[in-house]
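Trainee: I have a complex on screen and want to go through its packing. Can we take it step by step?

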Amino acid sequence: MLVITRIFVLFMALFMVGAGMAASAEKKLKVIASFSILGDITNNVGGDRVEVITLVGPNGDAHVFEPTPADAKAVASADLVIVNGLGMEGWMERLIKTSGYKGPVVVAAQGIKPLEGTEEEKEGHKPGAKHEHKIDPHAWQNLANGQIYADNIGKGLSVVDPAGASIYKATTEAYKAKLAELDKWVKTEFSSIPKPQRRVLTSHDAFGYLAAAYGVTILSPMGLSTESEPSAGGVATLIKQIRKEKITAVFIENVSDPRLVEQISKESGVKLGGELYSDALSKPEGPAPTYIDMFKNNVTKMVAAMRKSL
Amino acid sequence: MTLMTYLFDLFLAPFQDFIFMRHALIACMALALGCGPVGVLLVLKRMSLVGDALSHAVLPGVAIGFLVSGLSLYAMTLGGIAAGLAVALVAGTVARFTLLKEDASFAAMYLMSLAMGVLIVSLRGSNIDLIHVLFGTILAVDDADLILVATISSVTLFTLALIYRALIVECFDPGYLRSVGGRGAAMHFIFLVLVVLNLVAGFRALGTLMAVGLMMLPAASSRFWATQAWSMALAAVGIAMLSGYVGLLLSYHANLPSGPSIILTAGFCYIFSVIFGAHGSIYSRRRLGLHLGG
């Protein structure tokens, strides 16, 4: 009998410890970010007060993600959900609805002036892809927009966690300052290259905002999304265009099939410039584990390839 | 512009100007050479849907290859061949030694295999464009792919030449083959190996879904143009090559995705054959009927 009582007491004690730990963990705000870049920005703004769960992880493609029940469970128990918006995550709306999540949803790209595809598309040169006037969702490829993202996320966090509002404000400003500094660096890097040399090709059209913000011309064989399949006519137009317009470098991306771009590079005689990170960060040990690192990686590689052709 | 240069631009220039078009065309030709005869034998053996089943069965092997070493040609190809062969052998064995017929045992095996493939793909968590790999793109066929496809069609043609007689007998009169001491089961398994090899070759170029198209559509069409196994195979190869060529031209001039263009061209050939073919088509039967009536 005594033994049983002892065991019971022991269990009760363990249970209390467990409950205590859960309570201390609960203090952290549980935030769901739809993909890795948003997750990183949220981590920077939220700091220690938030626990960020990223649905589409490193190297994942947020265009064609299929959520699992575990994802729905995570969303249901979240305090805040952060999405990119601009039609990036078509699967998110359904996931939020089915999970029964009732809390606020922050649209990180709110207030950003959306681009409609790329300039090439408007001029009608755009090969292959479907020609609907689709909004380009990859707004984070302009660091000025990245600062708007940080603002929106900071405000969203303050709404669900008013106690930390002043802290979020400070971290948001600090992070925005870092992004502004990086933005300056990117501009000086690109301005060291004469404009005609600032022409590169990537495997899917993820860099429209970067192109517009920093005066780079970017071509791609696929449409805005990674889902469309290229046509022979499209690829041919692209190769002709590379030859005629003197594209300086061809890049592959971490979320696309590299074979097609490699083929185009070989055919047109333009060198491969390496791997760019467009829609997802790399794993922590890779070259682009954070939003800032990703931008540095991409710009360094683009500029290096453009310099070579000078 | 004269007519000649117009025709040249329409039919030849795309292949003269672009390496990727030549690669794609050669890949189609090589695939046609292997898939044509194999498809015809599938039709004759009344196993047309087995090709479809096997093409799905390749998925878990490709997925494992992809998980182990990324987008490596050899890992995915070997994985695909291994998975396809496993399904073909187990399903074939079940059909030979139990009361279940071939179609049912193949359906059972390929469904299991397909589910396993989807499971493995999902376990990875990140879904980095495996879909692109599964759909394949003939425009991105590189030297290694070409060598693989050409090797597989050469092996297919040599093997078929060696066991042709036994295979044909096995098709039409398996009882006779057994009575004269022929190894029917062995022939059948060798043939299934060839089917898997050709589907894996097609998967590199056209993706698993489209690969069966280039195997079955020309084979089914050839039934309307020839009456003997060898001439049917020849017709199937011709139709498959034509489909590849015309499909690529369509994809080039009309800006259509290349894989579906090729298969739909083959589909058009099939519909044409069903209506106007020389033997047993709607038109020839009608003409025959009128002739007899008059």
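Trainee: What ipTM does the predictor give the complex?
Mentor: Keep in mind that this is a predicted model. The predictor gives the complex a pTM of 0.73. Its ipTM is 0.77.

Trainee: Which element of chain B has the highest mean pLDDT?
Mentor: Chain B averages a pLDDT of 85, and 92% of the residues score at least 70. Among its elements, helix α8 (residues 130-135) has the lowest mean, 59. The highest mean, 94, belongs to α12(B).

Trainee: How do α11(B) and α12(B) lie to each other, oblique or roughly perpendicular?
Mentor: Helix α11 spans residues 184-222 of chain B, and helix α12 spans residues 229-253 of chain B. Roughly perpendicular covers 65 to 115 degrees. The two helices, α11(B) and α12(B), are therefore oblique.

Trainee: How many charged residues are in the contact of α11(B) with α12(B)?
Mentor: On the α11(B) side, the contact includes B:Leu214, B:Pro218 and B:Ala219. Facing them in α12(B) are residues including B:Met232, B:Ile239 and B:Ser243. By class, this contact of α11(B) with α12(B) has eight nonpolar and three polar residues; the charged count is no residues.

Trainee: What is the orientation of α4(B) to α11(B)?
Mentor: Helix α4 (residues 48-57) of chain B packs with its axis 9 Å from that of α11(B). The angle is about 100°. Angles of 65 to 115 degrees count as one class. That makes α4(B) and α11(B) roughly perpendicular.

Trainee: How many residues of the contact of α4(B) with α11(B) are charged?
Mentor: From α4(B) come residues including B:Gly51, B:Asp52 and B:His56. From α11(B) come residues including B:Val195, B:Thr208 and B:Met216. In the contact of α4(B) with α11(B), eight residues are nonpolar and five polar, and the charged count is one.

Trainee: Which are the edge strands of the open sheet in chain A?
Mentor: The sheet has four strands in the order β8-β7-β9-β10, with parallel pairing. Neighbouring strands are turned by 30° on average, direction ignored. An edge strand pairs on one side only, and the two edge strands of chain A are β8 (217-219) and β10 (272-276).

Trainee: Which residue of β10(A) is the bridge partner of A:Glu253?
Mentor: Strand β9 (residues 249-253) of chain A runs parallel to β10(A). Three bridges join them. In β10(A), the partner of A:Glu253 is A:Leu276.

Trainee: Which helix packs on this sheet, touching β9 and β10 of chain A?
Mentor: The helix covers residues 258-268 of chain A. Its direction makes about 170° with that of β9(A). The helix is α10 of chain A.

Note on methods
Residues are numbered from 1 along each chain as its sequence is written. Chains are lettered from A and ligands numbered from 1 in the order in which they are written. This is a predicted model: local features need pLDDT of at least 70, side-chain atom pairs count only at pLDDT 80 or more; totals for chains, interfaces and linings use all residues. Axes are lines fitted to C-alpha atoms, for helices over the stretch in contact, and angles run from 0 to 180 degrees between N-to-C directions. Angles under 35 degrees count as roughly parallel, over 145 as roughly antiparallel, 65 to 115 as roughly perpendicular and the rest as oblique. Two residues are in contact if their C-beta atoms, placed from the backbone, lie within 7 Å. Ala, Val, Leu, Ile, Met, Phe, Trp, Tyr, Cys and Pro count as nonpolar, Asp, Glu, Lys and Arg as charged, and the others, Gly among them, as polar. Two strands pair if DSSP finds at least two bridges between them. pLDDT is the predictor's confidence in each residue, from 0 to 100.
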